[in-house]
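Here's a new model to get to know. Let's take it one question at a time.

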Amino acid sequence: MSDVILETRSLSKHFLLSSGLPLARKVTPVKSVDGVDLRVRAGQTFGLVGESGCGKSTTAKLLLRLIEPTQGQILLDGKEVQNARGAALRRYRSNIQTVFQDPYSSLNPRMKVRDIIAEPMIAAGGFDSAAIARRVDELLEMVNLNARAARQGPHEFSGGQRQRIAIARALALKPRLLILDEPVSALDVSVRAQILNLLADLQDELGLAYFMISHHLELVASMCDWIAVMYLGRIVEQGPARQVADNPRHPYTRALFAATLSVEPARRRRSEQPRIDGEVPSPLKPPSGCHFHPRCALAMPVCRTTPPPSIDYADGATATCHALAERAEYV
């Protein structure tokens, strides 16, 4: 039996942007997510990285069914769910929950902690008040908060404690996968390790899978089992985390990880790799062919006209690059 919980096939989201005068309105499609194939496995942490505006958060919203895909498939346990409605959609969402970036804006300041944590159970239905109360106490203990916290409001807690409350709320319906959207970026440095350790302990205890979005490449490299690298809505490389971080194949991935600082000699050598020149092109008018070719030191004429092929590796990794396909030394 496959251990893949969540899978996407050619998943795309195109937004329509209107511009111009009312009588000469022009509609331009913006391909925020463009043909993405991902697989999230049970008990593992999947990391999605890339520069701002590349489509990471849109991908997360698609997985959460907060927005509808333009095309492509989302599969839970091999069954399509992109068109799920009603009870089927509620079942899907009970399995896929999220922890947002900002613990200050993601918790309702007018609600007590017990009501915040209980809200998913009330929305799902099927729980009596006694069962909800027991579950709230259990969840507070699980995230290392005192039971009396249930009677307090979010304003009485620090940022780290608020994120613990958010994690407890995400676990209320016993999901199998948590989507973590920059889960520690809004926290003090001294608190980040505590939250990350809590997430690791919960994963071991509950067998959770995580889908982590982060700009912090060293964090993703250390926390994740698998990393996918996104550029202008497309996945340019994905593979085992240590391989992607320490021996990246795609020129964009090489430059992206070379920009991180590390005390480890093996990673300091990445600083010798070429840096990324120029700015990210506008998604309103992405480059033809390979989207990365205007900034790539290995760009060839074919890169400007033809989308790159996908190359499969023995370790299950993939990369999309003409240079990798034609130059053996980059494989």
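This is a predicted model: local features need pLDDT of at least 70, side-chain atom pairs count only at pLDDT 80 or more; totals for chains, interfaces and linings use all residues.

**Around strand S9**

Residues are numbered from 1 along each chain as its sequence is written, and side-chain values use heavy atoms, with hydrogens and water left out.

Q: In what order do the eight strands of the open sheet line up?
A: Strands here are DSSP runs of E with at least two residues, helices are runs of H or I with at least four, and both are numbered from the N terminus. Two strands pair if DSSP finds at least two bridges between them. The pairing in this sheet is mixed, and the order is S6-S7-S8-S3-S9-S10-S12-S11.

Q: Which strands are the edge strands?
A: Look for strands that pair on one side only.

Q: How many bridges join S9 to S10?
A: S9 covers residues 226–231, S10 covers residues 234–240, and the two run antiparallel. They form a hairpin with two residues between them, and Leu232 in the turn has a positive phi of about 45°. Along the pairing, Ala228 stands opposite Gln238, and Val229 has Glu237 as its bridge partner. The bridges between S9 and S10 number six.

Q: Which residue of S9 is the bridge partner of Gly47?
A: S3 and S9 run parallel and are joined by four bridges. In S9, the partner of Gly47 is Ile227.

Q: What angle does the direction of helix H6 make with that of S8?
A: Helix H6 (residues 189–206) packs on the sheet, touching strand S3 (45–49), S7 and strand S8 (209–213). Touching here is a contact, meaning heavy atoms within 4.5 Å. The angle between H6 and S8 is about 150°.

Q: Why is helix H9 largely enclosed by the rest of the structure, and what covers its buried residues?
A: Eight of the eight residues of H9 (residues 251–258) are buried, so the helix is largely enclosed. Among them are Pro251, Arg254 and Phe257. The cover includes S3, helix H7 (217–223), S9, S10 and helix H8 (241–246).

Q: Are the rings of Phe46 and Phe211 stacked or edge-to-face?
A: Rings of Phe, Tyr and Trp (its six-membered ring) pair if their centres lie within 6.5 Å; planes under 30 degrees apart count as stacked, over 60 as edge-to-face and the rest as tilted. Phe46 in strand S3 and Phe211 in strand S8 are 165 residues apart. Phe46 is buried at 2% relative accessible area, and Phe211 is buried at 0%. Their ring centres are 5.2 Å apart with planes at 10°, so the pair is stacked.

Q: Which residues do ring pairs link into a cluster?
A: Tyr252 and Phe292 form an edge-to-face pair, 5.2 Å centre to centre with 65° between the planes. Tyr252 lies in H9 and Phe292 in the loop between helix H10 (265–268) and S11, so the pair ties together parts 40 residues apart in sequence. Tyr252 is buried at 0% relative accessibility, and Phe292 is buried at 3%. The cluster consists of Tyr231, Tyr252 and Phe292.

Q: Over which ring does the charged end of Arg249 sit?
A: A charge sits over a ring if NZ of Lys or CZ of Arg is within 6 Å of the ring centre and within 35 degrees of the ring normal. Lys13 sits over the ring of Phe15, 5.3 Å from its centre. For Arg249 the distance is 3.8 Å, and the ring belongs to Tyr313.

Q: How many disulfides does the count come to?
A: A disulfide is a pair of cysteine sulfur atoms within 2.5 Å. For Cys224, the nearest cysteine sulfur is that of Cys54, 14 Å away. The sulfur of Cys296 is 6.0 Å from the closest one, in Cys321, too far for a bond. The count of disulfides is zero.

How values were computed:
Axes are lines fitted to C-alpha atoms, for helices over the stretch in contact, and angles run from 0 to 180 degrees between N-to-C directions. Buried means under 20% relative accessible area, exposed over 50%, partly exposed in between (1.4 Å probe, protein chains only).
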